[in-house]
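Subject: Structure handover

Hello,

Here is the structure you asked about, with the sequence alongside. My notes on what I found in it follow below.

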Amino acid sequence: MKTIEVVAALLCRPPCFLICRRPAHKARAGLYEFPGGKVETGETPQEALQRECREELGIETRIHEAVADVTHAYPDLTIHLTLYAVTIPQGEPQPLEHDDLCWITASQLDDYPFCPADVAFHEMIRSFMNQ
């Protein structure tokens, strides 16, 4: 099975960061994730993440460093997911493709059901947000 490159945003407004709930018509419906998506042919990961944030949230972003990555095998696909620190120079995120958006703190991570690949980032986020 081919591994799909996927990027995600750790959109921070300390002490909070943004999580999004997947809609009913998508795989892993009802689970929370960090906003992002697949890297398309010809895109850099950063370009893909800017595009996905525009499409999913209606915002322009500034992409900073990659803070973590994981390879995760779901029953239907395998992804290599890279999480980037991201800021919003202007605009307010809107739920254009998600059921819900929440600004949460690291201590609230366990209160939300997450996609398994995103769970791999929880400990790193707790450290990152407490710096």
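The charged end of Arg28 lies over the ring of Tyr74, at 3.9 Å from the ring centre. Please keep in mind that this is a predicted model. Its mean pLDDT is 94, and 99% of the residues reach 70 or more. Of the elements, strand β3 has the highest mean pLDDT, 98, while helix α3 (residues 122-129) has the lowest, 88.

Aromatic rings

There are four aromatic pairs. One of them joins Tyr32 and Phe114, with 6.4 Å from centre to centre and 50 degrees between the planes, which makes the pair tilted. The two residues come from distant parts of the chain, 82 residues apart: Tyr32 belongs to strand β3 (residues 32-33), and Phe114 to the loop between β7 and α2 (116-119). Are these two residues buried or exposed? Tyr32 has a relative accessible area of 5%, under the 20% cut-off, so Tyr32 is buried. Phe114 is buried too, because its relative accessible area of 8% is also under 20%. Both residues are part of one aromatic cluster, made up of Phe17, Tyr32, Phe34, Tyr112 and Phe114.

Cysteines

How many disulfides does the structure hold? The count is zero. Cys16 is in no disulfide, and the nearest cysteine sulfur to its own, that of Cys12, is 9.7 Å away. For Cys20, the closest cysteine sulfur is in Cys102, at 8.5 Å; a disulfide needs the two sulfur atoms within 2.5 Å, so this distance is too far for a bond. Cys20 has a relative accessible area of 0% and is therefore buried.

Helix α1

Helix α1 covers residues 45-57, which is 13 residues. At 1.5 Å a residue the helix should span 18 Å, and the end C-alpha atoms are 17 Å apart, so the two values agree. Which residues of α1 are buried? They are Ala48, Leu49, Arg51, Glu52, Cys53, Glu56 and Leu57.

Regards

Terms used:
Residues are numbered from 1 along each chain as its sequence is written. This is a predicted model: local features need pLDDT of at least 70, side-chain atom pairs count only at pLDDT 80 or more; totals for chains, interfaces and linings use all residues. Side-chain values use heavy atoms; hydrogens and water are left out. Helices (H or I, at least four residues) and strands (E, at least two) are DSSP runs, numbered from the N terminus. The expected span of a helix is 1.5 Å times one less than its number of residues. Buried means under 20% relative accessible area, exposed over 50%, partly exposed in between (1.4 Å probe, protein chains only). Rings of Phe, Tyr and Trp (its six-membered ring) pair if their centres lie within 6.5 Å; planes under 30 degrees apart count as stacked, over 60 as edge-to-face and the rest as tilted. A charge sits over a ring if NZ of Lys or CZ of Arg is within 6 Å of the ring centre and within 35 degrees of the ring normal. pLDDT is the predictor's confidence in each residue, from 0 to 100.
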